[in-house]
Amino acid sequence: MLSYQHGYHAGNFADVHKHSILTLVLNYLRRKPKPFTVFDVYAGRGLYGLHTTQAQKTGEAEQGILKLADAPWPALLGDYRQALRAVNAQDSLRYYPGSPMISHSLTREATDLVLCELHPQEFLALQQTFAGKGRRVHLHRRDALEALRALLPPSSRRGLVLIDPSYERAGDYTAVGDAVAGALQKWPAGVYMLWYPVLADGRHQGLLRRLEQSERPWLRSELQVRRPGIGMHGSGLFLFNPPYVLPEQLARLADWYEPLGQDGVATLQNFVSGHF
Ligand SMILES: C[S@@+](CC[C@H](N)C(=O)[O-])C[C@H]1O[C@@H](n2cnc3c(N)ncnc32)[C@H](O)[C@@H]1O
């Protein structure tokens, strides 16, 4: 059963963490004038209103992107800012772009976007968001992990796989770990970006320990915004084959995330593998 809807959470601290790093990865992939493919297998609806009933109910964007809207933005995050501007009039922030929209804004014709979404309503909304946005956008109403087994590697041989599950079932952590291992075997050169919640009960730890066994270069980034307690206190991203410039870029951005702290200052911690 699919009950998660990202409209309640769009623009929250986890989106800021995930999407800011997504823009850095896309920027790196764009540097070579060669085609690449973006697989976003838990796509969501692509675009979210920040004044909808869903958004107002949780107020999560107020603790996320809206806290940073008027702060100075570092030049490194120019692409993130551009993606926000692309869906808003002037400097207002009424809409928040989901990961598919960010990837669409920051790439051109030579980049194929493969977007998978299983929830019927979310898929319909995704179709509406991307209507008329070109033949490079490929929409699939299918299971994310099945799509990874079926669609990798892409003919472009370069690109990114964003895996952003809603972790609604206890078995999802194991299933995601299996799928990432299988995907890496089929396409060892792809850049992989997996989001996970940082939880006090440590449910995510088994998945991380397993991923860290890999001989591929990896980077793990965690943004903690409150003391561990009930629910998610941080946002995590695990990347395989990350751009080599990313650790240094993240070190420069640490201060920018600080206002996202909910009982103090938010902290960004990054770890890299010995194979980096
Ligand atoms: C966290 S949201 C995605 C947010 C999006 N990646 C972004 O950053 O804007 C997860 C999405 O995955 C969808 N989903 C859940 N299970 C799925 C599955 N097995 N296959 C594909 N999509 C799924 C949910 O309906 C939800 O829209």
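Predicted model: local features only at pLDDT ≥ 70, side-chain atom pairs only at ≥ 80, totals over all residues.
Helices here are DSSP runs of H or I with at least four residues, strands are DSSP runs of E with at least two, and both are numbered from the N terminus. L208 counts as buried because its relative accessibility is 0%, where buried means under 20% relative accessible area, exposed means over 50%, and partly exposed lies in between (1.4 Å probe, protein chains only). From L208 to G236 there are 28 residues in sequence, and their C-alpha atoms are 10.0 Å apart in space.

A150 belongs to another stretch, helix α7 (residues 144–151). With 47% relative accessibility, A150 counts as partly exposed. Its C-alpha atom is separated by 41 Å from that of Q90, which is 60 residues away along the chain.

Next comes H6, in the segment before α1 (13–30). H6 has a relative accessibility of 13%, and therefore counts as buried. Its side chain makes a polar contact of 2.7 Å with the side chain of Y4. A polar contact is a pair of N or O atoms within 3.5 Å; within protein, one must be able to donate a hydrogen and the other to accept it, and residues adjacent in sequence count only if both atoms are side-chain atoms. The side chain of D15 also joins that of H6 through a polar contact, this one of 2.9 Å.

Then there is the ligand, surrounded by 20 residues, the closest being H19, S99, E117, D143 and D164.

Oxygen atoms of the ligand pair up with the protein: one lies 2.8 Å from a backbone N or O atom of S99, and a polar side-chain atom of E117 is 2.6 Å from an oxygen atom of the ligand. On the nitrogen side, a ligand nitrogen lies 2.8 Å from an N or O atom in the side chain of D164. Taken alone, the ligand exposes 600 Å², and the protein buries 96% of that (areas by the Shrake-Rupley method with a 1.4 Å probe).

Definitions and conventions: Residues numbered from 1 in each chain as written. Heavy atoms only, no water. Near = heavy atom within 4 Å.
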